Amino acid sequence: MTCMRKSGVARVFVWAGLVVLGAVGCSQELDDPSLSGTIPFKPNRPTVPGTTTAAPYAGANASVREAQERLGTGLDLHARVIFRTCSPTGGVCHNAKEYPDLHTPANFIAAIDAPCNVQSGTWQGVYDRCERVGDRFRLGEGMGGDREIGYLVYLPGEFKPAANTSPGATTPGLHIYLADPLSAAKSDVNATGRFIRSFVNRSGLVEQLPFASFDARWWVLDGGKHVFAQVDAGRTTRVQDLLAVGIVQGDQNRNGVLGARANPPVPLLRPGHPEESYLIGRLRGRMFGGEIPGSRMPLANQPLSVPEMLALFCFVETLPPDRASVNLASPIDYAGCSYAAAPESLNLLGSGVTWVGRIKNILEFNCGGCHGGTEPQAGLDLKGGGVYARVLAMSSQRSELALIKARAPAESYLWLKISGDKSIRGARMPFNPLTGQGQLTDAELADIKAWIDAGAVENQ
Ligand code: HEC
């Protein structure tokens, strides 16, 4: 309490607030009468390890300025962009049940260098460059050694072969498609099929460990690239247990291309390389110059704006190579980010009022999450090839109206649905499952209307 005595008991009574300061700061400045009414305490917080102190962006681009202001740090990016796209309702969300879990900042950091498509909803949704090297399969002894597994398919039911019948691709039983043909001399054999995984042991040597097996009557088909196991009625649980051990398949999407071979697998976020980060690829629907499978993210939520895309790109571009030194509280270095030179190039929705350059993108990004895939909502598919022809078709809710009628927005049911016209059945689109409401931005609506007014043409 020496400090307090120094500053004078009377003043302590007058400035009641300073009682606290006297105890905390014990600052000489308390004696300075010019400080009357102010709080003479400047915290001297230690710098958080890993915090960068790069100079902020001082240029004039409005998108960069907005990004810097609203999305200054990795934490802001997570809270305002990543978390928003991951709505807390089941089904449209990445949470503990869905890979990758992006709910918390720590989970977001965990996405750095993490593999992609670890748990894809469907095998069709797997991207080739997310496929990891598969486990290997060996059939008995003297049946041609082991081969990498492309994929496995179990078709329930029982196969009872008559003499000389051979199973085919649709025969009930366990089918294993291999990357390279087995050079087995025989086909119809009773044998043990072994599943083998490569491990790197403590001395750095690769060891091949058989980790599962299946005894059955096996056929070798298609010149050795396809093996088939008969599964008796009593052994269906056994085959399900086998599939549950998580055999790694080198060609999960079954397209004949074993993904990550010549090129390393794509990670969710690759420090320094936003364009080679699968999470960003899923936002854009494209990567390495080609389309990537799976629904466009964020599903059923507004697509990221230009400043939001910029924040994500700059965050990833300036990430340190080592995950342990990432600090989300650190400012995103917009001044040092190459994408800050032309943020508009990150615009997901394009510009102008042409079908190809913009309208198609607005529909795909805002609507494709629900109006796409194998069971599009209301039977309307606004994603992928052939969308133009589909938007000229008749509405199912108001069968007397086309979805889009050139030069007649008022008779275009899709326009009525997105402009919230009173005559519509159901909800205004894009429907937001969280709020029950939703709408496109004024600029997007204006461009769609201008496109319809101008004749709703496709070829530009
Ligand atoms: C969250 C899911 C969701 C999103 C996002 C969504 N829709 Fe829908 N849409 C539905 C559902 C559900 C229906 C049927 C119920 C209804 O109309 O309210 C529907 C119906 C429609 C219909 C009626 C179909 C017909 O043939 O009459 C149109 C048109 C439509 N949506 C257009 C759009 C457009 C354009 C967008 C994007 C701007 C969009 N929707 C975004 C879920 C969605």
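Trainee: Let's start with Asp-222: does it count as buried or exposed?
Mentor: Asp-222 counts as exposed, because its relative accessibility is 56% and the cut-off for exposed is over 50%. Keep in mind that this is a predicted model.
Trainee: Where does Asp-222 lie?
Mentor: Asp-222 is in the loop between β5 (206-221) and β6 (226-229). Its phi is near 45 degrees, a positive value in a residue other than glycine. Most residues other than glycine have a negative phi.
Trainee: And what is phi of Ala-378?
Mentor: Phi of Ala-378 is near 55 degrees, again positive in a residue other than glycine. You'll find Ala-378 in the loop between α10 and α11 (387-391), and Ala-378 is exposed, with a relative accessible area of 51%.
Trainee: Switching to the ligand, how many residues surround it?
Mentor: The ligand is surrounded by 26 residues, and the closest are Cys-367, Cys-370, His-371, Lys-417 and Met-429. By class, the shell has 17 nonpolar, seven polar and two charged residues.
Trainee: Which residues have polar atoms by the ligand's oxygen atoms?
Mentor: A polar backbone atom of Ser-396 is 2.7 Å from a ligand oxygen. Ala-427 brings a polar backbone atom, 2.8 Å from a ligand oxygen.
Trainee: Which elements give two or more residues to the shell?
Mentor: Those are α10 (355-367) and α12 (413-419). Of the elements, α12 gives the most, with four residues.
Trainee: What kind of space does the ligand take?
Mentor: The ligand takes the space of the second largest pocket.
Trainee: You listed Met-429 among the closest residues. What kind of peptide bond joins Met-429 and Pro-430?
Mentor: That one is a cis peptide bond, with omega about 0 degrees. Most peptide bonds are trans. Pro-430 itself is in the loop between α12 and α13 (442-453).
Trainee: New topic: is helix α9 mostly covered or uncovered?
Mentor: Mostly covered, as eleven of the twelve residues of α9 are buried. Among them are Val-306, Glu-308, Phe-313 and Val-316.
Trainee: What span should α9 have, and how far apart are its ends?
Mentor: At 1.5 Å a residue, the twelve residues of α9 (residues 306-317) should span 16 Å, and the end C-alpha atoms are 16 Å apart, so the two values agree.

Conventions:
Residues numbered from 1 in each chain as written. Predicted model: local features only at pLDDT ≥ 70, side-chain atom pairs only at ≥ 80, totals over all residues. Heavy atoms only, no water. Near = heavy atom within 4 Å. Polar contact = N/O pair within 3.5 Å; in protein donor to acceptor, adjacent residues only side chain to side chain. 1 Å grid on protein atoms, 1.4 Å probe; cavity = no way out; pocket = protein on both sides within 12 Å on 5 of 7 lines; lining within 4 Å. Sits in = over half its atoms within 2 Å of the grid points. Nonpolar A, V, L, I, M, F, W, Y, C, P; charged D, E, K, R; others polar. Expected span 1.5 Å × (residues − 1). Buried < 20%, exposed > 50% of the residue type's maximum accessible area, 1.4 Å probe, protein only.
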